[in-house]
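Reader: I have a new model open and want a quick walk through it. Can we start with the terms and then look at the parts?

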Amino acid sequence: TLLVVAVVPALVYFVFFPALGERLLNAGGQGWENVLSTVGLSRPAESLPVTAQVRLQDVRQRVVENYILGPVRIVEGKAVNQAEFPISRVQVKAEILDAYAVVLNEQMSYAGNVLNDDELVTMTEEEIKIRLSLPEGQNNANDRIEPNGRISFMVVFTGETPGMMKTVVKIVGAERLL
């Protein structure tokens with residue numbers, strides 16, 4: 001019975017649909033955190049990873065027509081430092097998913113690197129990637145984000161992604177400053 005109830009579905013989730021399996025694990029971990037916090041046993045904020053103390057805000061997406069590349073999908077917003085200490089080198093990852101939550105495309109960039117519409121319309125794919133991959137951000141904006149400080153981010157996808165249903169954005173990197 002245990003084999004049919006637990007092992008077979010786990011095999012299906014993790015072998016045949018790895019994205020769904022990862023999503024299930026993430027949901028289970030978040031559920032466990034909610035149960036612990038309900039009974040007053042949650043981890044203190046200091047023991048949380050730095051990335052868990054950064055919240056995304058005002059996330060939106062739009063499409064710009066680039067003269068060279070055609071349609072370019074822009075995902076942008078702000079990252080907010082909710083930690084009690086300054087952080088730096090915030091890195092954001094955006095994923096384009098299909099109807100079955102399978103990742104069709106993913107891109108990462110560092111916060112603090114934002115391109116204006118004129119640059120998005122005229123730059124090549126390589127130029128865009130170089131500009132968005134500066135760890136310190138433009139004008140060193142990503143070197144020090146104070147508690148409750150905000151920093152803008154932008155992730156760019158070039159070309160159309162057939163089968164796209166939704167976009168997911170998450171913080172994948174941040175460093176604590178002493």
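This is a predicted model: local features need pLDDT of at least 70, side-chain atom pairs count only at pLDDT 80 or more; totals for chains, interfaces and linings use all residues.

Reader: Fine. Where does Glu136 sit, then?

Author: Glu136 lies in the loop between α4 (125–132) and β5.

Reader: Is Glu136 buried, exposed or partly exposed, and why?

Author: Glu136 has 24% relative accessibility, so it counts as partly exposed. The partly exposed class lies between the buried limit, under 20%, and the exposed limit, over 50%.

Reader: What does Glu136 touch, leaving out residues up to four places away in sequence?

Author: Ala141, Asn142 and Asp143.

Reader: Back up a bit. How many helices and strands does the protein have?

Author: There are 4 helices and 6 strands. Along the sequence they follow the pattern α-α-β-β-β-β-α-α-β-β.

Reader: Which strands form the open sheet, and in what order?

Author: The order is β4-β3-β6, 3 strands with antiparallel pairing. β4 (103–110) and β6 are the edge strands, each pairing on one side only. On average, neighbouring strands of this sheet are turned by 20 degrees against each other, direction ignored.

Reader: How many bridges join β3 to β6?

Author: 9, and the two strands run antiparallel. Ser88, for one, stands opposite Glu175 in β6.

Reader: Now the inside. Which residues have the most contacts in the largest nonpolar core?

Author: Val54, Ile87, Val90 and Val155, in a core of 20 residues. The elements giving two or more residues to this core are β2 (70–81), β3 (87–97), β5 (150–158) and β6 (166–176). β3 supplies the largest share, 5 residues.

Reader: And what is Val155 in contact with, leaving aside neighbours within four places in sequence?

Author: Val155 contacts Arg73, Ile74, Val75, Val92, Ala94, Gln107 and Ser109. There is also a second, separate core of 11 residues, with Leu120, Met123, Ile128 and Leu132 among them.

Reader: What share of the protein's residues is buried?

Author: 33% of the 178 residues. Of the contacts with a separation of 6 or more, 70% are between residues 24 or more positions apart.

Reader: Last one: what does the accessible surface come to?

Author: About 10600 Å², with 57% of that belonging to carbon and sulfur atoms.

How values were computed:
Residues are numbered from 1 along each chain as its sequence is written. Side-chain values use heavy atoms; hydrogens and water are left out. A nonpolar core is a set of buried Ala, Val, Leu, Ile, Met, Phe, Trp, Tyr and Cys residues joined through side-chain atoms within 4.5 Å. Buried means under 20% relative accessible area, exposed over 50%, partly exposed in between (1.4 Å probe, protein chains only). Contact means heavy atoms within 4.5 Å. Two strands pair if DSSP finds at least two bridges between them. Axes are lines fitted to C-alpha atoms, for helices over the stretch in contact, and angles run from 0 to 180 degrees between N-to-C directions. Accessible areas come from the Shrake-Rupley method with a 1.4 Å probe; for residues, only the protein chains shown count as cover.
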